[in-house]
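Good morning, and thank you for making the time. Please look at the structure on the screen while I take you through some of its parts.

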Amino acid sequence: MTNKNLPAWFFTNEALVNFLPAWTGREEIRKIYGIAGGGDFVFNFLAEANQVETVTLVDIRPLSCLTVKTKIDLFKRSSFTEINNLLADKVWQKSLKKTKQWYPDSFKPLTRKAEYLSYLTSEEKFENLKKQFSKIKIVEGDFLEKLKSFDDDYFDLIYTSDIFDHENYCSCRAENLKLVRSKMSKNGSLLVVTQNQSREMIKIFEANGFQPKACEAHCFNIFKAFWRYDYSFLLLEKI
Ligand SMILES: C[S@@+](CC[C@H](N)C(=O)[O-])C[C@H]1O[C@@H](n2cnc3c(N)ncnc32)[C@H](O)[C@@H]1O
């Protein structure tokens, strides 16, 4: 089990924005379950979708849960211009970094909003997101333990961030994948972010009743290593 008291991500380190439009059936997604992290995966998603009914975000780190709640409360009470001015303020960023509560890298996405934080790129998206905060429930705890309490075939989208990359976060064991699969609706999707070899990861999921629907593979690139984590994105569905 991961250490609950590690720093948190203030903003996501996953450049997922350009992968989102690659999904067919996105507009059918009503119920989402996912890792909270910095909350940005779901903020980006909701900024461009209105049909979602409920989102459950789970994180083992109390600070991640608090970070997402704080961002929601801040965004709710801010205009698009106000929030962008605040986030660009170096003094504000410096004081947050000084607390050592958040990874310093987690402020870098502010310089690449189009790839990481699309909800901050237009007033329309930001306002659309703001209307939907009441759909988000934040739960502190273990991803699999909390997932067990839901009915089978319940979620249209399960977002696992990169927890399958770390044996102490969540292993790719058959019993874990069976649980995740059982909670996905018939046409549901599983989004896996990974630094592992995407082909190897796909093989593991295929052996456990999934098939790939979309994939964006990234390998280590020395020229990008300063600003980008070499995550690949796998969108899987049940066979
Ligand atoms: C490595 S971090 C990466 C942050 C993430 N990439 C993002 O964009 O926000 C993954 C997050 O998953 C959480 N986590 C890891 N294992 C977990 C588990 N078994 N249950 C719930 N949360 C978990 C960590 O606390 C952390 O916030």
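This is a predicted model: local features need pLDDT of at least 70, side-chain atom pairs count only at pLDDT 80 or more; totals for chains, interfaces and linings use all residues.

Tyr 119 touches Phe 11, Asp 40, Phe 43, Asn 44, Ala 47, Lys 71, Phe 75, Lys 125, Phe 126 and Leu 129, leaving aside residues up to four places away in sequence. Contact here means heavy atoms within 4.5 Å. Residues are numbered from 1 along each chain as its sequence is written, and side-chain values use heavy atoms, with hydrogens and water left out.

Where does Tyr 119 belong? Tyr 119 is among the residues with the most contacts inside the largest nonpolar core, together with Trp 23, Phe 41, Phe 43, Phe 45, Ile 136 and Phe 205. That core has 76 residues. A nonpolar core is a set of buried Ala, Val, Leu, Ile, Met, Phe, Trp, Tyr and Cys residues joined through side-chain atoms within 4.5 Å; buried means under 20% relative accessible area, exposed means over 50%, and partly exposed lies in between, with a 1.4 Å probe and protein chains only. The largest share of this core, six residues, comes from helix H1, residues 40-47. Helices (H or I, at least four residues) and strands (E, at least two) are DSSP runs, numbered from the N terminus.

Let us turn to helix H3, residues 80-88. Which residues of H3 are buried? They are Phe 80, Ile 83, Asn 84 and Leu 87. Because they cover an arc of only 95° around the axis, they are on the same side of H3; the arc is that of the directions from the helix axis to the C-beta atoms. Thr 81 and Asn 85, on the other side of H3, are exposed. The cover over the buried residues of H3 includes helix H2 (62-76), H4, H5 and helix H6 (123-130).

H3 also packs against helix H4, residues 90-98, at an angle of about 60°, with the axes 5 Å apart. H3 is therefore oblique to H4. The contact is made by Leu 86, Leu 87 and Ala 88 of H3 and by Lys 90, Trp 92 and Gln 93 of H4.

Phi of Lys 100 is near 65°, a positive value in a residue other than glycine. Is Lys 100 buried or exposed? At 67% relative accessibility, Lys 100 counts as exposed. Ser 161, in the loop between E4 and H8, likewise has a positive phi, near 50°. Ser 161, however, counts as buried, because its relative accessibility is 8%.

In helix H8, residues 174-182, the buried residues are Asn 176, Leu 177, Leu 179 and Val 180. Their arc around the axis is only 155°, so they are on the same side of H8. The face turned away from that buried side carries the exposed residues Glu 175 and Lys 178. Among the elements covering the buried residues of H8 are helix H7 (143-148), strand E5 (184-194) and helix H9 (198-206).

Finally, Leu 234 is found in strand E7, residues 232-238. Leu 234 is buried, with a relative accessible area of 1%. Leu 234 and Leu 20 are 214 residues apart in sequence and 11 Å apart in space, C-alpha to C-alpha.

Key
Axes are lines fitted to C-alpha atoms, for helices over the stretch in contact, and angles run from 0 to 180 degrees between N-to-C directions. Angles under 35 degrees count as roughly parallel, over 145 as roughly antiparallel, 65 to 115 as roughly perpendicular and the rest as oblique.
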